[in-house]
Amino acid sequence: MKSIMKADLHNHSYFSDGVLSPSEVVWRANDAGCDLFSLTDHDTTNGIAEAKDEAHKLGISLVNGVEISAFWRNSAIHIVGLGIDIDNDELQTGLEFNQNLRKERAKKIALGLWRSGIKDSLEKAQILSGGHMLTRTHFAQMLIQEGYCKDMKSVFRRYLSGRKPGGVRVEWKAFEEVIKWIQAAGGKALIAHPFRYRMTHTKIKKMLYDFKNAGGDGLEVVNANSSDEEISLGDQWGKDYNLLASIGSDFHGWPNQRVQIGNLADLPNNSRAIWRYL
Ligand code: AMP
Ligand code: MN
Ligand code: MN
Ligand code: MN
């Protein structure tokens, strides 16, 4: 066995807000030489069957995955579930709950945008989603296409967050519950991209401490855009709170994004890598 495993355990297809099909995501992972990878669409496992078929044909290892929206205290955060049984009822009931929240939110976003003079945004975002699950990213793409903003960052800031026209608060479940859905399906629950929540380091550490106490399994230590400092801090906190370390690009395949599948820093030496526990 190679001494270093090439893994990418966080990727999106067009079943949520990525642009590629599950098969195309698998091809990219294969081309990148991944030994192990996962498809982790937002709040749905509907792309997994196709990804599994394709991975089987190519002879590469696919870990069943999902990225579930949740709350910790007052912050919306993302929990990645890896190694899940996608036929588990408790998990699927939870995902349906989130899918319904997303449908309700999409209508409210469209109403907010309509009030600020932007018409037909629900229909336009639905076309961009190809009839799959609607995410804020589809509204963002639509607003960029229509010339309201020039990039993702500004469109989220100006239209789709907080008190902005399309900013909608969603009552996701607390992460304790989401951990249960994932573990009921035999999976491991991990905090996704810990440095992307606009939290101070002190607050991130509190979240990790609570996550461990709630039975959580790990955190993502390496993402595509992680700095060296973030990797060493994440790794250290994983050790401090007895959490497993995961690695994933959070690839979506959007144009103008440099993120590529499998193009990731290695986990630090002595990390407790998640793949040994899947
Ligand atoms: P949703 O899960 O529908 O709330 O959409 C959240 C998704 O939008 C995230 O998973 C990211 O893919 C994307 N996103 C959120 N904020 C930003 C941002 N500031 N810039 C670019 N993409 C973002
Ligand atoms: Mn996304
Ligand atoms: Mn995320
Ligand atoms: Mn993601």
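1. A word on terms before the sites themselves: a donor here is an N, O or S atom within 2.8 Å of the metal, and water is not among the atoms, so sites may look incomplete. Please also keep in mind that this is a predicted model.

2. Let's begin with the manganese ion (ligand 2). Its protein donors are Asp17 through OD, His42 through NE2 and His252 through NE2, lying 2.2 Å from the metal. Along the chain these donors follow the spacing D-x24-H-x209-H. His42 sits in the loop between β2 (36–39) and α2 (48–58), while His252 belongs to the segment after β7 (244–247); the pair links distant parts of the chain, 210 residues apart. Both His42 and His252 are buried.

3. Which residues hold the manganese ion (ligand 3)? This ion is coordinated by Glu67 (OE), His78 (ND1) and His193 (NE2), at 2.1 to 2.2 Å. The spacing of its donors reads E-x10-H-x114-H. His78 lies in strand β4 (residues 75–82) and His193 in the loop between β5 (188–191) and α8 (201–213), so the pair ties together parts that are 115 residues apart in sequence.

4. His193, at 6% relative accessibility, counts as buried, because the cut-off for buried is under 20%.

5. The manganese ion (ligand 4) has His10 (NE2), His12 (NE2), Glu67 (OE) and Asp250 (OD) as its donors, at 2.1 to 2.2 Å. Their spacing is H-x1-H-x54-E-x182-D. Here the link between distant parts of the chain runs from His12, in the loop between β1 (7–8) and α1 (22–31), to Asp250, in the segment after β7, 238 residues apart. His12 is buried, with a relative accessible area of 0%, and Asp250 counts as buried at 7%.

6. It is worth looking at the sites together. How far is the manganese ion (ligand 2) from the manganese ion (ligand 4)? They are 4.4 Å apart. Between the manganese ion (ligand 2) and the manganese ion (ligand 3) the separation is 5.4 Å.

Definitions and conventions:
Residues are numbered from 1 along each chain as its sequence is written. Chains are lettered from A and ligands numbered from 1 in the order in which they are written. This is a predicted model: local features need pLDDT of at least 70, side-chain atom pairs count only at pLDDT 80 or more; totals for chains, interfaces and linings use all residues. Side-chain values use heavy atoms; hydrogens and water are left out. Donors are N, O and S atoms within 2.8 Å of the metal (3.2 Å for Na, K and Ca); water is not among the atoms, so sites may look incomplete. Helices (H or I, at least four residues) and strands (E, at least two) are DSSP runs, numbered from the N terminus. Buried means under 20% relative accessible area, exposed over 50%, partly exposed in between (1.4 Å probe, protein chains only).
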